[in-house]
Amino acid sequence: YSSENIIEAMVNDGTGFQVKRTISIGEGNGWTKVVIDLAEYAGKFIQVGFRGIIVDNPVIGIDNIKVTTLRDYNLEAGILSCAERVRPNEDFSMYFTYANDGMKVAENYDVVLYRNGEEIIREAGKALAAGTNTTVAFTTQLSVLSDKTNKFHVELDWNLDEVKDNNYSKTAEVTLITPDYPVIDDLKGEIDGDGNPVLSWSDPD
């Protein structure tokens with residue numbers, strides 16, 4: 001929406017609140033990231049405040065405020081979402097959102113999907129401007145021989161990343177919908193002494 005509202009970001013270092021930056025909301029589409037340099041206050045106790053000035057819209061939204069050390073290169077993993085239950089041998093999609101929390105463009109990195117601790121898909125990540133986010137979609141499936149419960153997570157693999165701890169998504173758990181009838185889960189194949197293929201298995205439960 002278009003708005004002429006204003007936000008004043010203020011800092012109090014013990015001498016009273018002073019306006020550090022004035023932000024004009026202007027025309028926007030969704031949330032906009034704003035970075036305010038607080039380097040001059042390093043090692044000091046400060047208070048940070050915000051004052052909204054209403055001009056033409058009764059709502060001003062401020063969210064996800066954090067005070068941190070600015071890095072040139074810092075990808076941050078977000079949410080991995082998918083269905084909680086899937087059928088065997090059917091494709092299903094997983095969606096992973098992540099952000100570039102650094103000050104420079106992120107490029108030449110990989111987005112890696114793991115199942116039960118093993119890498120199953122690796123994709124080259126697209127160039128991502130500072131302060132922006134994106135979503136990547138994975139397509140995978142489970143077989144009748146897969147575990148009943150499967151734990152997925154995503155890792156952002158980037159050698160330039162200065163903060164490695166936030167490169168991992170939380171685990172998404174997917175349950176395999178198993179059939180009601182008995183199935184074989186230990187099928188083995190081998191060649192007998194005459195060179196013939198032989199299959200063997202145990203009686204299903």
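Predicted model: local features only at pLDDT ≥ 70, side-chain atom pairs only at ≥ 80, totals over all residues.

Biologist: Start with β6. Which residues are on its covered face, and which on the uncovered one?

Modeller: Strand β6, residues 92-100, has Phe92, Met94, Phe96, Tyr98 and Asn100 on the covered face. Ser93, Tyr95, Thr97 and Ala99 are on the uncovered face.

Biologist: Why every other residue?

Modeller: Because side chains in a regular strand alternate between the two faces of the sheet.

Biologist: How many bridges join β6 to β9, and how many join β4 to β6?

Modeller: β6 and β9 (residues 133-140) are joined by 8 bridges and run antiparallel. β4 and β6 are also antiparallel, with 6 bridges. As for individual pairs, Phe96 has Val136 in β9 as its bridge partner, and Ser81 stands opposite Tyr95 in β6.

Biologist: Switching to Ser169. Buried or exposed?

Modeller: Ser169 has 9% relative accessibility, so it counts as buried. Ser169 sits in the loop between β10 (149-157) and β11 (172-176).

Biologist: What does its side chain reach?

Modeller: The backbone nitrogen of Val154, at 2.9 Å. Leaving out residues up to four places away in sequence, Ser169 touches Ala77, Gly78, Leu80, Phe96, His153 and Val154. Phe96 is the one from the covered face of β6.

Biologist: And the surface: which residues make the nonpolar patch?

Modeller: Val48, Phe50, Ile62, Ile65 and Val67 make a patch of about 460 Å².

Biologist: Where is Val67 found?

Modeller: In the loop between β3 (47-53) and β4 (75-82). Val67 counts as exposed because its relative accessibility is 69%.

Conventions: Residues numbered from 1 in each chain as written. Heavy atoms only, no water. Patch = residues over 30% accessible without salt bridge, like charges linked within 9 Å, V, L, I, M, F, W, Y side chains within 5 Å. Areas by Shrake-Rupley, 256 points an atom, 1.4 Å probe, with all protein chains shown as cover. Salt bridge = Lys/Arg side-chain N within 4 Å of Asp/Glu carboxyl O. Helix = DSSP H or I, 4+ residues; strand = E, 2+ residues; numbered from the N terminus. Buried < 20%, exposed > 50% of the residue type's maximum accessible area, 1.4 Å probe, protein only. Pairing = 2+ DSSP bridges. Polar contact = N/O pair within 3.5 Å; in protein donor to acceptor, adjacent residues only side chain to side chain. Contact = heavy atoms within 4.5 Å.
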